[in-house]
Amino acid sequence: MTDCDPRSLRVNLNELPYPPPARVLRAAAEALKSSNLYPEGRDVLVLKELMAKYTGVAPENVHFASGSDYAFYELFSQLRVFSSGPLALIIDPTFSSYEPILKATGWKVERVRLIEGEERWNLPPDGLKDALKHLKPSLLVVDDPNNPTGSPIFGGEGIEGLAGSLDEWGGWLLIDEAYAEFSGYSISKLVGSIGNLVVFRTLSKAFALAGLRSSALLAAERLIASIESGSPRFELSRPTLAASLEALRDPSYALRYAREIVNERQRMWLRLAGIQYLKSYKSWTNFFLLKFTDEDALRRTGINFMRPAMRGSFARFSLMDREADDCLLVALEESLRSRIK
Ligand SMILES: Cc1ncc(COP(=O)(O)O)c(C=O)c1O
């Protein structure tokens, strides 16, 4: 293997290591030429149709936003208007954006803590059921698979029953499927039949468009219409619209990228399992969560890990190409070997 510097690895943001295909880049570049013009409303309608086809819902169930932060801001603000009480339940750990945006839009936040298992993280048995019964939250937010653990939470099962329970007191369920292409499961198409279900999808991960900011909320027509009545007129830029349209016209590249990542994930899972004094958790995403025995070993790797808000020496890294991943493995092995000396 060629010399590598683990400090230069970009692994902390769960990005895809591949650029978008040339046809998608060309579409964005072409759109840049008419930057003197506002984005076209009809492009947004076509984009909704394409996302609807891709996820198995109707175009009226789709709202596009410039990235998850903005999508969640719009959603949480609107649900405050629809909801009887300002309490949201999230899992812990979870994607770090939910809590600040919930708080900024007037929600109180409670948590259900995940439990560490042998290979993955799980909801505590009856933990969610008890929390729902006692707190009766107006909103339950779950990233499935979960960031930062990489574990499935419901894994596509039991959504009707869960949404039904929440519906007893007018509660909503948000399932964030940012990693659907890597997990092999999705409940997106249930949006058409479950009125209080919202699903989040993004073009940032398998579609390799994180830099353009293009993400979607899928929900009942009534909720989408209320969100859009107050959303900015030109939410996506011309290049973002053009690239997103081209990407969704033929999504096969994203599925191919996802397959490559899944193969690399399998290879890395076996390699990580062979490293002494390091615990890794099985992943359903494009990243891994690791647990080091101590902070020194973690620091000695020199890798710019993402450090989740968890007690203990946890670190998350995203999968790259084989060469970069091997560089990371060498840094891990060396750091942990010098621990043993
Ligand atoms: C669970 C989850 N949702 C959403 C996002 C970000 O999505 P976007 O790039 O569309 O803002 C991430 C990114 O790491 C994530 O982990």
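Okay, one term before we start: a crossing of two helices is called left-handed if the near helix is turned anticlockwise from the far one by less than a right angle. Keep that in your head while you look at the structure above, which, by the way, is a predicted model.

So, our helix pair. Packed helices in general get described by two things, the angle between their axes and the distance between those axes. Here we're talking about α2, residues 41–55, and α9, residues 238–249. Their axes come within 9 Å and cross at roughly 30°. Angles under 35 degrees count as roughly parallel, so α2 is roughly parallel to α9. And here's our opening term: α2 passes α9 in a left-handed crossing.

Who's actually touching whom? On the α2 side you've got D43, V44, V46, L47, L50, M51 and Y54, and they meet L241, S244, L245, L248 and R249 of α9. Sorted by class, that contact has nine nonpolar residues, one polar and two charged.

Y257 belongs to helix α10, residues 252–273. Is Y257 buried or exposed? The cut-off for buried is 20 or more C-beta atoms within 10 Å, and Y257 has 22 such neighbours, so it counts as buried. Leaving out residues up to four places away in sequence, Y257 touches L16, Y18, A206 and A208.

Next, the ligand. There are 13 residues around it, and S68, A178, T202, S204 and S215 come nearest. That shell divides into three nonpolar, seven polar and three charged residues.

As a rule, most residues other than glycine have a negative phi, and most peptide bonds are trans.

First, two cis bonds. From D92 to P93 the peptide bond is cis, with omega near 5°, and P93 is in the loop between β2 and α4. The bond from N147 to P148 is cis too, with omega near 20°; find P148 in the loop between β6 and α6.

Then, positive phi. D126, not a glycine, has a phi of about 65°. D126 lies in the loop between β5 and α5, and it's exposed, with 9 other C-beta atoms within 10 Å. Y277 also has a positive phi, near 65°. Look for Y277 in the loop between α10 and β10; with 15 other C-beta atoms within 10 Å, Y277 is partly exposed.

Okay, that's me done. Thanks, everyone!

Notes. Residues are numbered from 1 along each chain as its sequence is written. This is a predicted model: local features need pLDDT of at least 70, side-chain atom pairs count only at pLDDT 80 or more; totals for chains, interfaces and linings use all residues. A residue is near a molecule or strand if its C-beta atom, placed from the backbone, lies within 6 Å of it. Ala, Val, Leu, Ile, Met, Phe, Trp, Tyr, Cys and Pro count as nonpolar, Asp, Glu, Lys and Arg as charged, and the others, Gly among them, as polar. Helices (H or I, at least four residues) and strands (E, at least two) are DSSP runs, numbered from the N terminus. A residue is buried if 20 or more other C-beta atoms lie within 10 Å of its own, exposed if 12 or fewer, and partly exposed in between; C-beta atoms are placed from the backbone. Two residues are in contact if their C-beta atoms, placed from the backbone, lie within 7 Å. Axes are lines fitted to C-alpha atoms, for helices over the stretch in contact, and angles run from 0 to 180 degrees between N-to-C directions. Angles under 35 degrees count as roughly parallel, over 145 as roughly antiparallel, 65 to 115 as roughly perpendicular and the rest as oblique.
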